Amino acid sequence: MNDFIFFLGRFHVLVLHLPIGMLLLAVLMEAMSRRPGFGALAPAVSLTWLAGAISALVTVALGYMHATEPGFTGPGVSLHRWAGTALAFAAIAIWAWRLEAPAIFSKIWPVPLVVVLILMTATGHLGGNLTHGSTYLTEFAPGPLRSLAAGEAAPEAAPRPPITDIAKADIYLDVIAPAFRDRCASCHNDDKKRGGLSLVRYDEMMKGGETGPVIVPKDPGKSDLYHRITVARNHVDFMPKNNKTPLDPAQVQAIRWWISIGSPASGEIGKLTPPADVRESLVKAGGL
Ligand code: HEC
């Protein structure tokens, strides 16, 4: 039964595009139909709101199912849920209001339209953060904009100068953190912590997940995280899950070495004197 709910719930991310399109169309038609020359649109406006409201309700229902999957906890999830639910109810209210009290609606129609646009933007943005992590949108933004958006975010999210010499690069900030961000953060971020684990902040990462610490400094063999990225790909433990692109061998070796030297939060590679083969992997993993 659970599996079936999870199955339906995944359609949330597909169906959600319908209310976005229809409610935007409803807003546009509502505004246009009141302009001279566009009066012919008026009879269709109510139906557009209704279609938008129904598709929003279906999306919300699927969203509640989707959120029953383990790991959907945290403030990001509940904010997204509230915004989405409010949006669906706002759309129904507008549809009913236009039918029941058209005179009042006609006086203040821009207000509900703005409410719908705000709720839709908020819901979409909060939902996007759940899927991609909150730094996704600004990852390739120009430097100053990125620093601005990073704000109080983790040091991992702040822009780094491009690496030109591996010896000058930082083992965690330039090699390990980007690997986790690219391959793991879609499921292990601040808002969506699958297995209770976030891999986008050093402190949280070292605390571990539902089963406790996943990194044992100086002991890759005892580190669940290392086990997860080296076990056979068809094993249930293997990470990343769901056939997402795995870490490449150079990144795996870099992680192994980083754990073996005590998994520091920062450290200049040159000063940590990696052995030659590790150094080669670090060069590759660092994208040089
Ligand atoms: C597609 C989603 C997804 C991706 C991508 C993903 N994981 Fe996971 N991860 C999960 C889920 C779901 C769980 C909880 C179920 C389990 O423990 O297998 C989990 C659990 C874990 C755990 C155990 C946490 C605990 O305490 O139980 C570790 C360690 C882990 N992941 C590491 C990684 C690493 C490292 C990557 C990137 C290479 C990664 N994951 C990428 C979905 C994902």
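Predicted model: local features only at pLDDT ≥ 70, side-chain atom pairs only at ≥ 80, totals over all residues.
The shell around the ligand holds 24 residues. Those that come nearest are Cys-184, Cys-187, His-188, Thr-211 and Met-239.

His-188 places a polar side-chain atom 2.8 Å from a nitrogen atom of the ligand. Arg-228 also uses its side chain: one of its N or O atoms is 3.0 Å from a ligand oxygen atom.

Now look at the shell as a whole. By class, ten of its residues are nonpolar, seven are polar and seven are charged. Which element gives the largest share of the shell? Helix H11, residues 224–230, does, with four residues. The space that the ligand takes up is the second largest pocket.

An unreviewed UniProt entry lists residues 184–241 as "domain: Cytochrome C Planctomycete-type". In the model, that span is 22% helix and 0% strand. Its end C-alpha atoms lie 9 Å apart.

The peptide bond between Met-239 and Pro-240 is cis, with omega about 0°. Met-239 is also one of the residues that come nearest to the ligand. Pro-240 sits in the loop between H11 and helix H12, residues 249–260. Further along, Ser-263 has a phi near 45°, a positive value in a residue other than glycine. Ser-263 belongs to the loop between H12 and helix H13, residues 269–272.

Turn to the other end of the chain. The unreviewed UniProt entry lists residues 6–28, 40–67, 79–97 and 109–128 under "transmembrane region". Take two of these spans in the model. Residues 40–67 are 89% helix and 0% strand, and their end C-alpha atoms are 42 Å apart. Residues 79–97 are 100% helix and 0% strand, with end C-alpha atoms 26 Å apart.

Finish with the charged pairs. Side chains of opposite charge can pair when their charged atoms come close. Across the whole structure, a search finds ten salt bridges. One of them joins Arg-10 and Glu-69, whose closest N and O atoms are 2.7 Å apart. What does the pair tie together? Arg-10 lies in the loop between helix H1 (2–9) and helix H2 (12–15), and Glu-69 in the loop between helix H4 (42–66) and helix H5 (75–100), so the bridge ties together parts that are 59 residues apart in sequence.

Key
Residues numbered from 1 in each chain as written. Heavy atoms only, no water. Near = heavy atom within 4 Å. Polar contact = N/O pair within 3.5 Å; in protein donor to acceptor, adjacent residues only side chain to side chain. 1 Å grid on protein atoms, 1.4 Å probe; cavity = no way out; pocket = protein on both sides within 12 Å on 5 of 7 lines; lining within 4 Å. Sits in = over half its atoms within 2 Å of the grid points. Helix = DSSP H or I, 4+ residues; strand = E, 2+ residues; numbered from the N terminus. Nonpolar A, V, L, I, M, F, W, Y, C, P; charged D, E, K, R; others polar. UniProt positions renumbered as here; feature names shortened; annotations may be inferred. Salt bridge = Lys/Arg side-chain N within 4 Å of Asp/Glu carboxyl O.
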